[in-house]
Amino acid sequence: MAERDYDVIVIGGGNAALCAALMAREAGASVLMLESAPREWRGGNSQHTRNLRCMHDAPQDVLTDSYPEEEYWQDLKKVTGGITSESLARLAIRDSSHCRDWMRRHGVRFQPSLSGTLQLSRTNAFFLGGGKALLNAYYRSAEELGVHVRYDAPVDRLELDRGRFVAAHLGAERIAAKACVVASGGFESNREWMREAWGQIKGEWVADNFLIRGTRFNMGVLLKFLIDAGADPVGDPTQSHCVAIDARAPLYDGGICTRVDSVSLGIVVNRQAERFYDEGEDFWPKRYAIWGRLISYQPGQIAYSLIDAKAIGRFMPPVFPPLEAQSLPELARKLGLDESALTRTVDGFNAACRGGTFDHAALDDCVTAGLTPPKTHWARPIDTAPFYAYPLRPGITFTYLGVKVDERAAVHFSGQPSPNLFAAGEIMAGNVLGKGYTAGVGMTIGTAFGRIAGAQSAAAAMREKMHAAA
Amino acid sequence: MQPLEALVGEAGAAAKHTAPPGDAVAEVARQMQICNACRYCEGFCAVFPAMTRRIEFGKAEVDYLANLCHNCGACLHACQYAPPHEFLVNVPQAMAKVRLQTYSDYAWPPALGKLYKNNGLALALALAAGLALFLALALALNGNLWQPALAGNFYRVFPHNLMVAMFAPVFLFALLAMGMSVRRFWYAVSPADRAREAPPAAATEATRDVLVMKYLDGGHGEGCNEADDEFTLWRRRFHHFTFYGFMLCFASTSVATLYHYLFDWHAPYALTSLPVLLGGAGGIGLLIGPAGLLWLNLSRHPLHGDARQKPMDRGFIALLLLVSASGMALLAWRDTGAMALLLALHLATVMALFLTLPYSKFMHGIYRAAALLKWAIEKRQPSRLQLGSE
């Protein structure tokens with residue numbers, strides 16, 4: 001296929017890629033987007049997103065109260081355990097305070113936090129209709145502005161000249177451009193790479209038991225290519241946004257509905273029918289992002305959230321029905337757990353519950369005594385039939401291994417920024433997210449660095465043109 | 001891990017695969033289980049907020065939600081679980097299938113619910129019967145369909161009392177049948193333990209939602225989806241033309257009835273008289289609205305709605321168009337020899353419309369209004385669920 005010479009090529013089709021394409025086009029560059037997925041699966045993990053964590057100093061349309069830069073930064077520092085870049089993090093945080101007007105101009109609409117997510121009404125602006133509605137709006141806007149979009153267009157390698165982008169290759173096809181934004185996601189859909197990254201624990205290939213919450217198209221092809229080609233890597237390949245999801249979820253694209261919110265209302269046991277972590281450590285929305293990793297280290301990467309009749313109707317309904325039994329031994333049989341071990345664990349837990357006044361809306365005083373690990377809130381005996389269980393597995397949202405970038409989103413090669421190769425979204429999120437997660441920050445990073453990369457790539461293309469003309 | 005494998009299989013049966021064909025209610029229940037765990041579409045319309053107040057979806061709940069759904073398409077295009085995803089979520093389509101079933105299930109008298117089975121045919125037969133009746137009547141009464149001498153005098157063709165004797169019973173029966181149908185629906189979807197009484201604010205809100213067709217605005221005011229993921233207000237506008245056109249025609253007839261009995265003023269009325277002005281404006285609305293709706297219906301995205309209902313939809317649209325076109329033709333040529341024929345044609349279409357009113361697409365507006373009223377009532381009541389962090 002004969003291709004014209006574009007100013008900017010954007011590789012990817014999700015939120016960060018679209019932000020980059022739109023910004024580059026608005027700056028006057030001719031833009032080609034190469035999305036590896038077919039049209040009906042376009043948009044990568046952005047299809048499954050729902051909100052943007054936003055800094056704001058006063059109430060805004062859909063956001064209550066205020067969420068100042070410093071508080072946002074402290075939250076991020078806490079969840080990442082300090083494995084982050086303060087300058088890049090603050091850049092993204094500040095962009096989140098004013099990017100929404102730009103998003104609205106491109107057709108994105110916001111709504112107040114959804115039912116069941118009141119805890120996010122101050123910090124997160126929800127997309128009306130979710131991430132796929134946002135993608136539809138961006139794609140429509142991009143097409144209206146004259147961005148060329150190609151689907152089913154997987155780029156397998158880049159042509160580089162000492163860190164300078166020259167062309168993208170799709171099999172035998174070569175497409176040259178003056179600048180490039182790589183926004184092609186993490187590598188979580190690449191089962192083999194995940195297997196290799198996690199290796200074996202006690203003889204088990206841990207990652208074989210993971211489920212992927214998002215797209216099947218994030219194979220990490222360009223991430224691997226760039227690292228092999230000398231781009232500076234950032235982050236640990238085993239770190240990711242990883243939550244506990246229903247073990248019955250599909251291998252890919254289970255998305256939001258496979259989450260299970262019953263954990264803090266009962267106990268969680270592993271394959272040996274033993275508890276392994278404090279289920280009541282904090283409000284579930286503040287803890288859901290650590291449970292995926294916790295289960296990764298349990299035998300068989302499987303666990304079971306156990307509740308009794310008292311908990312029904314107190315948590316968001318999961319997509320799959322729970323397993324139900326009239327007695328604990330019956331439940332153990334249904335789960336394939338040792339009956340006496342489960343009964344022992346539950347009896348021990350029940351005996352350790354110290355009463356108190358149950359209040360799921362507060363960090364209440366229902367605690368266990370003399371139990372390891374303890375349950376420090378909402379500890380109520382599991383004693384009212386019927387009993388229910390949800391099987392849990394680690395669900396990977398996206399991986400944190402990425403390429404190192406600077407404040408201009410330029411990809412670094414041996415410490416030197418590329419003049420015309422930029423990265424945005426999951427492929428560089430690890431610069432900010434060394435580990436942990438807090439709701440909506442992935443979209444903050446993708447939007448901010450997508451916008452920066454788009455503007456920078458247009459400027460780089462302009463420089464290349466002037467250079468060529470001179 | 002034997003049990004887990006089995007579980008995965010069972011879950012697959014529960015969520016991933018559509019309910020058996022023919023069980024439209026079970027299919028909506030399956031999809032609502034997925035939607036209730038996602039909730040991204042809450043801002044589009046009333047269906048999803050109403051869904052979050054429930055965790056079980058039996059026939060009563062599903063019939064209510066299905067009629068609350070306006071088939072705007074927004075949730076389909078925004079859905080991360082829509083085809084080709086294996087969950088195959090298509091709420092507008094699943095709801096449309098249940099809606100058709102509700103029209104048939106709640107029809108009164110129940111035996112006539114069968115008319116929804118081949119609704120296009122039912123409408124065509126009603127029209128054919130109307131045509132046969134009025135053409136034969138005109139011939140019998142006048143001996144000829146071409147009557148240059150009658151020049152605008154309708155009652156010379158069909159005496160006034162004869163028309164009243166024919167239309168009044170049909171119209172009153174249609175009113176009764178529609179009232180009984182919606183009553184059956186209302187009691188079925190509002191179990192006795194839930195409030196059925198509408199506080200004034202709820203009634204006001206529901207009336208407003210009906211009159212402005214709020215939920216055809218997409219939740220953001222830019223409208224619903226038609227051929228693709230782009231939003232457009234044309235469906236709402238064409239519905240407004242149709243609805244208000246119909247109401248104006250109805251007003252015209254009502255005013256003319258008052259003129260006749262109260263003031264002894266007899267038709268034909270002058271072009272500048274109130275009945276003709278109202279009827280003329282209504283007729284234009286009933287031409288533009290249904291024509292536009294037909295155009296949208298033909299260009300609709302294939303995944304929207306239920307393809308098997310197109311004969312019902314298009315049959316009703318065609319009948320409305322025939323009513324308005326014959327009415328406007330009658331107005332234009334009422335002083336010529338064609339009047340008798342045009343009058344017979346117009347009366348035939350109107351008769352067919354009123355005969356089938358309780359058993360046609362017309363009922364979608366009635367059930368939807370009832371569903372909107374129920375929503376306006378229940379949203380004012382505290383939710384019975386105590387889900388975390390709500």
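**Strand β14 of chain A**

I looked up Ser240(A) and found that its bridge partner in β18(A) is Thr399(A). The model is predicted; I took local features only at pLDDT of at least 70 and side-chain atom pairs only at pLDDT 80 or more, while totals for chains, interfaces and linings use all residues. Residues are numbered from 1 along each chain as its sequence is written, and chains are lettered from A and ligands numbered from 1 in the order in which they are written.

I noted that β14(A) (residues 240-246) and β18(A) (residues 387-399) run antiparallel and are joined by 7 bridges. Strands pair if DSSP finds at least two bridges between them. Helices (H or I, at least four residues) and strands (E, at least two) are DSSP runs, numbered from the N terminus. Because 7 of the 7 residues of β14(A) are buried, the strand is largely enclosed by the rest of the structure. A residue is buried if 20 or more other C-beta atoms lie within 10 Å of its own, exposed if 12 or fewer, and partly exposed in between, with C-beta atoms placed from the backbone.

I also checked the loop between α10 (339-352) and β18 of chain A, where Pro386(A) lies. Ala385(A) and Pro386(A) are joined by a cis peptide bond, with omega about 0 degrees.

**Helix α6 of chain A**

In α6(A) (residues 191-198) I found Trp193(A), Met194(A) and Trp198(A) buried. Seen down the helix axis, these buried residues fall within an arc of 125 degrees, so they line one face of α6(A); the arc is that of the directions from the helix axis to the C-beta atoms. The face turned away from the buried side carries the exposed residues Glu192(A) and Glu196(A). Just after α6(A), I recorded a positive phi of about 65 degrees at Gly199(A).

I then turned to Lys202(A), in the loop between β10 (200-201) and β11 (204-205) of chain A. Its phi is near 50 degrees, a positive value in a residue other than glycine. Lys202(A) counts as exposed, with 8 C-beta neighbours inside 10 Å.

**Helices α4 and α6 of chain B**

I found that the axes of α4(B) (residues 59-68) and α6(B) (residues 91-105) come within 8 Å and cross at roughly 110 degrees. That makes α4(B) roughly perpendicular to α6(B), a term for angles of 65 to 115 degrees. Axes are lines fitted to C-alpha atoms, for helices over the stretch in contact, and angles run from 0 to 180 degrees between N-to-C directions. Val62(B), Asp63(B), Leu65(B), Ala66(B) and Asn67(B) in α4(B) meet Met95(B), Val98(B), Arg99(B) and Thr102(B) in α6(B); contact requires C-beta atoms, placed from the backbone, within 7 Å. The residues of this contact divide into 5 nonpolar, 2 polar and 2 charged. Ala, Val, Leu, Ile, Met, Phe, Trp, Tyr, Cys and Pro count as nonpolar, Asp, Glu, Lys and Arg as charged, and the others, Gly among them, as polar.

I next examined Asn71(B), in the loop between α4 and α5 (74-77) of chain B. Phi of Asn71(B) is near 55 degrees, a positive value in a residue other than glycine. With 22 C-beta neighbours inside 10 Å, Asn71(B) counts as buried.

**Contact of chains A and B**

I looked up the contact and found 45 residues from chain A and 41 residues from chain B. On the side of chain A that touches chain B, α5(A) gives the most, with 4 residues.

Note on methods: Angles under 35 degrees count as roughly parallel, over 145 as roughly antiparallel, 65 to 115 as roughly perpendicular and the rest as oblique. Two residues are in contact if their C-beta atoms, placed from the backbone, lie within 7 Å.
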